[in-house]
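User: I am new to reading protein models, and I would like to go through a few labels and ask what stands behind them.

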Amino acid sequence: MQDRLILGIESSCDETAVAVVMNGRRVLSNVIASQIDLHTLYGGVVPEIASRKHIEKINQVIEEALKQAGVTLEDLDGIGVTYGPGIVGALLVGVSVAKAIAYARKLPLIGIHHIEGHVSANYIEHSDLEPPFMCEIISGGHTDLVIVKDYGSFKILGRTRDDAAGEAFDKVARAIGLGYPGGPKIEVLSREGNPAAIVFPRAHVKDAPYDFSFSGLKSAVLNYLNQCRMAQKTICKADVAASFQQAVVDVLVDTALIGVNDYHMMKLAIGGGVASNQKLRKAMAEACEREKIKFYYPSSVFCTDNAAMIGTAAYYKFLKGTKHGLDLNAVPNLKLEE
Ligand code: KG4
Ligand code: ZN
């Protein structure tokens, strides 16, 4: 089969990312300009700042991705771009530049759902992974349990009813003074703490075994901190971090395993920023070994937002002949197609 080169573009949140992917699974370049330092000042992503920064960065990042891959725009076969969900102004930058290149080079334009990108990150380093499989997507904006029926075709089993897992990490980190983004900081501090020191709730949603709810856990942590302060008790931040992390990990592992067993799946994958958490990966790997199912996760660089995952997702859509028109728009609350 002829080699196919896809340019992937991702700008849904605070990373301006562009990648060149060959045949869906070979990443020739994966350039990410992170804005984390800018947003740290404000304790979270400021949409207007994110959007403006994407405009400043996008052309440079595209040039760098092409250069690192050793290709030019003429060599490309298609353009994949995240068109939702995310910050509308941020998404628009990626979508506009993708449309411009697609129009100028007469290339197919392929709009990608951000979550489909996180799922597809698993294909990059696992040549044996093919649908069907179960996937838990755990990021700052989403916590979803889905069956990947085929490339680009999903059955959504459950999602979060309130906060996403990553959002809970970020909020708890802020409450104990760790700053943004909270996930990696909680993970590091947890290594010095006792995960059994404080018993935080493991919430399951009644009559919805595949749904998640993290706001009760977040409130339990905030209440614990308040009670300690009122009683003038010293707070061991490492114990709080470790106990909170353990509660999130337990819920994520339990829920994924319920889904895997109910639907008799033989493979489980995870994706999204929280999937880079070592404690989670270890717990998930152990549970999968017990259940005799294969467990997949992407390297950390492909867990957090990147464009290689968008290039990979777009390749499989390209093979199916999916093409969007030049009227493709950013859709901030885009739903995952089932
Ligand atoms: O996938 P992602 O880069 O962006 C979204 O699509 O939301 O995920 C970012 C989220 C943030 O909430 C961040 O705190 C969390 O992933 N995260 C982690 C870790 N690394 C990133 N959470 C727990 N442990 C980590 N090591
Ligand atoms: Zn993401």
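User: Why is Lys106 called exposed?

Analyst: In this predicted model, Lys106 has a relative accessible area of 73%. The word buried applies under 20%, exposed over 50%, and partly exposed in between, with a 1.4 Å probe and protein chains only; Lys106 is therefore called exposed, because 73% lies over 50%.

User: Where is Lys106 found, and what is said of its phi?

Analyst: Lys106 is found in the loop between helix H3 (88-105) and strand E5 (109-113), where helices (H or I, at least four residues) and strands (E, at least two) are DSSP runs, numbered from the N terminus. Phi of Lys106 is near 55°, a positive value in a residue other than glycine. Most residues other than glycine have a negative phi.

User: What makes His264 exposed?

Analyst: The relative accessible area of His264 is 67%, so His264 falls over the 50% cut-off. His264 is found in the loop between helix H8 (237-262) and strand E9 (267-271), and its phi, near 50°, is positive as well.

User: How are residues numbered, and which local features count?

Analyst: Residues are numbered from 1 along each chain as its sequence is written. Local features need pLDDT of at least 70 in this predicted model.

Terms used:
Chains lettered and ligands numbered in written order. Predicted model: local features only at pLDDT ≥ 70, side-chain atom pairs only at ≥ 80, totals over all residues. Heavy atoms only, no water.
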